[in-house]
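The following note sets out points for a colleague who is reading the structure alongside the sequence. Each point takes up one residue, element or region.

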Amino acid sequence: MIIFNALLLALAPASAFTTQSSDTQIDNATLAKEEDPQYFGDLSPKDILTAYREAIQELDASKMKSLFSEESQIFENGKAEGSFVQYMEHHLGPELAHIKSFTFTQPTISMTELGNTALAIETYDYVIVLRDDRKIERTGVATSVLVRERDSWKILRYHSSSRTPKKIQ
């Protein structure tokens, strides 16, 4: 448990552990609604991860950025991709232009909330159909750390990996 708590402290930004008076919390909630065009204050951490998966399926990059913390870090298949903005610029964004459809099947999310921090494990299968009609099938897993920023949940760390599904004989 000590290692687990140390990991949480290392991963979460300092803002996730600060205390605020109730007046400050109300002001922050109002600011979040006014400043964020895609306010997610009423969504749970699980809802945020579901919204990210849905935005990928819709191939809609504009819905993704506001789900991530500015301090986010993305890891995919053994590679550090940088922040979500960097990941969109050099990896996911260019890939979306080559995809005709992206479909997740059998998604699961296991969530643990610890105050202003949430830890998630996702499993899923997916099928990507490219614009040239090639099909890519994978089994995937992701782990995430979400933090409450102002009055909404944001993805702080996202680590995903996938492999070709085993053939059933």
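1. A starting residue. Ser-72 is placed in strand 1, which covers residues 68-76. The model is a predicted one. Ser-72 counts as buried because its relative accessibility is 4%, and the cut-off for buried is under 20%. Leaving out residues up to four places away in sequence, the contacts of Ser-72 are Gly-82, Ser-83 and Phe-84, together with Ile-155, Leu-156 and Arg-157.

2. Overall organisation. The protein has four helices and six strands. Read from the N terminus, the order of elements is α-α-α-β-β-α-β-β-β-β. The protein has 169 residues, and 37% of them count as buried. Among contacts with a separation of 6 or more, 57% are between residues 24 or more positions apart. The accessible surface amounts to about 10,000 Å², and carbon and sulfur atoms hold 53% of that area.

3. The nonpolar core. Which residues have the most contacts inside the largest nonpolar core? They are Tyr-52, Met-64, Phe-68, Phe-84, Ile-155 and Tyr-158, in a core of 30 residues. At least two residues of this core come from each of helix 3, strand 1, helix 4, strand 3, strand 4, strand 5 and strand 6. In soluble globular proteins, nonpolar side chains tend to be buried together.

4. Elements giving two or more residues to its lining are helix 3 (45-57), helix 4 (84-96), strand 3 (99-114), strand 4 (117-130), strand 5 (135-149) and strand 6 (152-163). Strand 4 provides the largest share, with five residues. The lining has 23 residues, and those nearest the centre of the pocket are Glu-76, Glu-95, Phe-102, Tyr-126 and Ile-128. By class, 13 lining residues are nonpolar, five are polar and five are charged.

5. Phe-102, one of the residues nearest the pocket centre. Is Phe-102 buried or exposed? Phe-102 lies in strand 3 and counts as buried because its relative accessibility is 11%, the cut-off being under 20%. Apart from residues up to four places away in sequence, Phe-102 touches Ile-56, Gln-57 and Leu-59, as well as Tyr-126, Val-127 and Ile-128. Tyr-126 and Ile-128 are, like Phe-102, listed among the residues nearest the pocket centre. Phe-102 and Leu-130 are 28 residues apart in sequence, and their C-alpha atoms are 8.7 Å apart in space.

6. Val-127, a contact of Phe-102. Val-127 belongs to strand 4 and counts as partly exposed because its relative accessibility is 24%, which lies between the limits of 20% and 50%. Beyond its neighbours within four places in sequence, Val-127 is in contact with Ser-101, Phe-102 and Thr-103, and with Lys-135, Ile-136 and Glu-137. From Val-127 to Thr-139 there are 12 residues in sequence and 9.0 Å in space, C-alpha to C-alpha.

7. Leu-96 in helix 4. Leu-96 is buried, with a relative accessibility of 10%. Neighbours within four places in sequence aside, Leu-96 is in contact with Leu-59, Ala-61, Met-64 and Met-88. Leu-96 and Glu-58 are 38 residues apart along the chain, with 9.9 Å between their C-alpha atoms.

8. Backbone angles in two loops. Most residues other than glycine have a negative phi. Asn-77 has a positive phi, near 45 degrees, and sits in the loop between strand 1 and strand 2 (79-82). The relative accessible area of Asn-77 is 44%, and the residue is partly exposed. Asp-133, also not a glycine, has a positive phi of about 75 degrees. Asp-133 is found in the loop between strand 4 and strand 5.

Conventions: Residues numbered from 1 in each chain as written. Predicted model: local features only at pLDDT ≥ 70, side-chain atom pairs only at ≥ 80, totals over all residues. Heavy atoms only, no water. Buried < 20%, exposed > 50% of the residue type's maximum accessible area, 1.4 Å probe, protein only. Contact = heavy atoms within 4.5 Å. Areas by Shrake-Rupley, 256 points an atom, 1.4 Å probe, with all protein chains shown as cover. 1 Å grid on protein atoms, 1.4 Å probe; cavity = no way out; pocket = protein on both sides within 12 Å on 5 of 7 lines; lining within 4 Å. Nonpolar A, V, L, I, M, F, W, Y, C, P; charged D, E, K, R; others polar. Core = buried A, V, L, I, M, F, W, Y, C linked by side-chain atoms within 4.5 Å.
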